[in-house]
Amino acid sequence: MQFSTRVTPNPAKIKTGCIVVGVYSGRRLSPEAEALDRTSRGAITKLLQQGDLNGKLGTALLHHQPSRISAERLLMVGLGKNKTLSRADFQKLARTIGNKLSNCQAKSASLLIESISVDATTNQQCAAQLVRALLTSTYRFNELKSKPKGTSKGPGRVAFCISQRDQVNTIRKGVRLGEAIGKGMKLSKDLANRPGNICTPTHLADEAEALAEKLPVKTSILDEAQMEELGMGALLSVSRGSRQPAKLIVMEYQGGDKDAAPVALVGKGLTFDAGGISLKPAASMDEMKYDMCGGATVFGVLKAAAEQKLGVNLVGIVPSSENLPDGQANKPGDIVTSLSGQTIEILNTDAEGRLILCDALTYVERFNPAIVIDIATLTGACMVALGKHASGLFSNDDKLAEDLLAAGERSGDRVWRLPVWPEYDAQLKSRFADIANIGGRYAGAVTAACFLGRFTGSYRWAHLDIAGTAWNSGILKGATGRPVPLLMEYLTQYIADQKAA
Ligand code: BES
Ligand code: MN
Ligand code: ZN
């Protein structure tokens, strides 16, 4: 999908596959719809009189060969009651436009929506969100179908048609950001949607090398021998039950000052989680190919940041392994020694994410990070607590937590904070080791975060549990690309704050 921004004097004369205008509740025309109505001598009013669209948010009406309008199609979208849309309303509108355009055969589209104003959101952010929504609605994962149905969905070209010349650059900047985020989300989704027999730790390592070839990203990979040498006993205990060797993937992007401390992203890259000896039930086990979505997020953010030339230094670390039952696999009761020196009693081999993450979280100290954010499909309990709308947020730093919360609101890729109190941490007591890898029946998402918290004492840290948000089940099964938008929004604000300081 190619995007352009142009000043367009007469909307009725635009030659396009589909022209898009907004209509408020009660069939009130937006200024753009009004202009189009005027130059088409009432074509819009006439269509609305038929009564099929009242302007309710989330609704839309597609009309073919509109009279006295050059476009092949006219898409009227409901803008709702209010002149100023809430952020959530605008995101809903963007999804509606994306879905309608991806389900019609228009080869190109022209958006006439510049008058829309959104609560606490700049035109640039609006453009970025629209681009993101359009790219999201046209995404399909077809690389493993022998005969993919049709070609790619949605219009090949999308134009933002505006009347104010001084807005052109603003919109263009927003489009560029939206495209970068879209590209990052696509990489994240492609990796995540690939099945476990293809997307192995070695495959992820190869993908990290490939990223370094195309973009200013430096990749290095630690193999099992090197991890052994370092003493990553927790991570290696998980991969021992698998024939696929574990990898510790390190990607670095230097977009900031040479000696500015980096923001580190650590993503769980479990390419298939069968549970190990504490085997999972069979139902929906295929979805455990998505247990590397935290790692995929790290890939996506590095890609988007490098595409966008973000002015920040980033370190991305992806500990990657499978978790399978086997004669060499971890057994309940086994005790292993982590890179930090702390010993861990493995009471449930299915709580493996924290075992691979804890060694990566110790390893990341050597980069002297300003901030560390880990991202993981860590617990079913987080999904029980928050469902599929918000990712779980945990942090040892209130400012960092607030910044992530705010970035979530702005991007629509939301998070909700849960506590990491010592009372919960106490549930991790082990009779035989320094710590147990599970904390009992209650507050499973919190005790998982507390476990990680034992390894993150030396830096500002946040943990995102994305078990509920990283993919959809059912007929829309597939990776969502979350939380790439959240982290890109967070980083953009982080850079602005650094500059201001
Ligand atoms: N990858 C799973 C968490 C998960 C489960 C994510 C379902 C999304 C959907 C993780 O490794 C796991 O198995 N966690 C256990 C922890 C438990 C044994 C303490 C869980 O959530 O059941
Ligand atoms: Mn597990
Ligand atoms: Zn897992």
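Reader: In which strand does Thr 5 lie?
Author: This is a predicted model, in which local features need pLDDT of at least 70, side-chain atom pairs count only at pLDDT 80 or more, and totals for chains, interfaces and linings use all residues. Residues are numbered from 1 along each chain as its sequence is written, chains are lettered from A and ligands numbered from 1 in the order in which they are written, and side-chain values use heavy atoms, leaving out hydrogens and water. Helices (H or I, at least four residues) and strands (E, at least two) are DSSP runs, numbered from the N terminus. Residues 2-7 form the strand that holds Thr 5, namely S1.

Reader: Is Thr 5 buried or exposed?
Author: Buried means under 20% relative accessible area, exposed over 50%, and partly exposed in between (1.4 Å probe, protein chains only). Thr 5 has a relative accessible area of 7%, so Thr 5 is buried.

Reader: Which residues does Glu 252 touch, not counting residues up to four places away in sequence?
Author: Glu 252 has its place in strand S11 (residues 247-254) and counts as buried at 18% relative accessibility. Contact means heavy atoms within 4.5 Å. With residues up to four places away in sequence set aside, Glu 252 touches Pro 216, Val 217, Lys 218, Leu 302, Leu 314, Val 315 and Phe 367.

Reader: What separates the C-alpha atoms of Glu 252 and Gly 316?
Author: Along the chain, Glu 252 and Gly 316 are 64 residues apart. Between their C-alpha atoms the separation is 6.2 Å.

Reader: Which residues coordinate the zinc ion (ligand 3)?
Author: Donors are N, O and S atoms within 2.8 Å of the metal (3.2 Å for Na, K and Ca); water is not among the atoms, so sites may look incomplete. Along the chain, the donors of this zinc ion follow the spacing K-x4-D-x17-D-x60-E. At 2.0 to 2.4 Å, they come from Lys 268 (NZ), Asp 273 (OD), Asp 291 (OD) and Glu 352 (OE).

Reader: What is the arrangement of the six donor atoms around the zinc ion (ligand 3)?
Author: Four donors count as tetrahedral if all angles lie between 85 and 135 degrees; four count as square planar and six as octahedral if opposite donors are over 155 degrees apart and all others between 65 and 115; anything else is irregular. Because the six donor atoms of the zinc ion (ligand 3) subtend angles of 78 to 177 degrees, their arrangement is octahedral.

Reader: How many residues apart in sequence are the parts that Asp 291 and Glu 352 tie together?
Author: Asp 291 is buried at 2%, and Glu 352 is buried at 1%. Asp 291 lies in the loop between strand S13 (269-273) and helix H9 (293-308). Glu 352 is in the loop between strand S16 (343-346) and helix H10 (353-363), so the parts tied together by the pair are apart in sequence by 61 residues.

Reader: Which residue bridges the manganese ion (ligand 2) and the zinc ion (ligand 3)?
Author: The manganese ion (ligand 2) is coordinated at 2.0 to 2.2 Å by Asp 273 (OD), Asp 350 (O), Asp 350 (OD) and Glu 352 (OE). Its six donor atoms make angles of 69 to 168 degrees, and its site is irregular. The two ions lie 3.1 Å apart, and the residue bridging them is Asp 273.

Reader: How many of the residues of H10 are buried?
Author: Among the buried residues of H10 are Gly 353, Cys 358 and Tyr 363. H10 is largely enclosed by the rest of the structure, because the buried residues number 11 of the 11.
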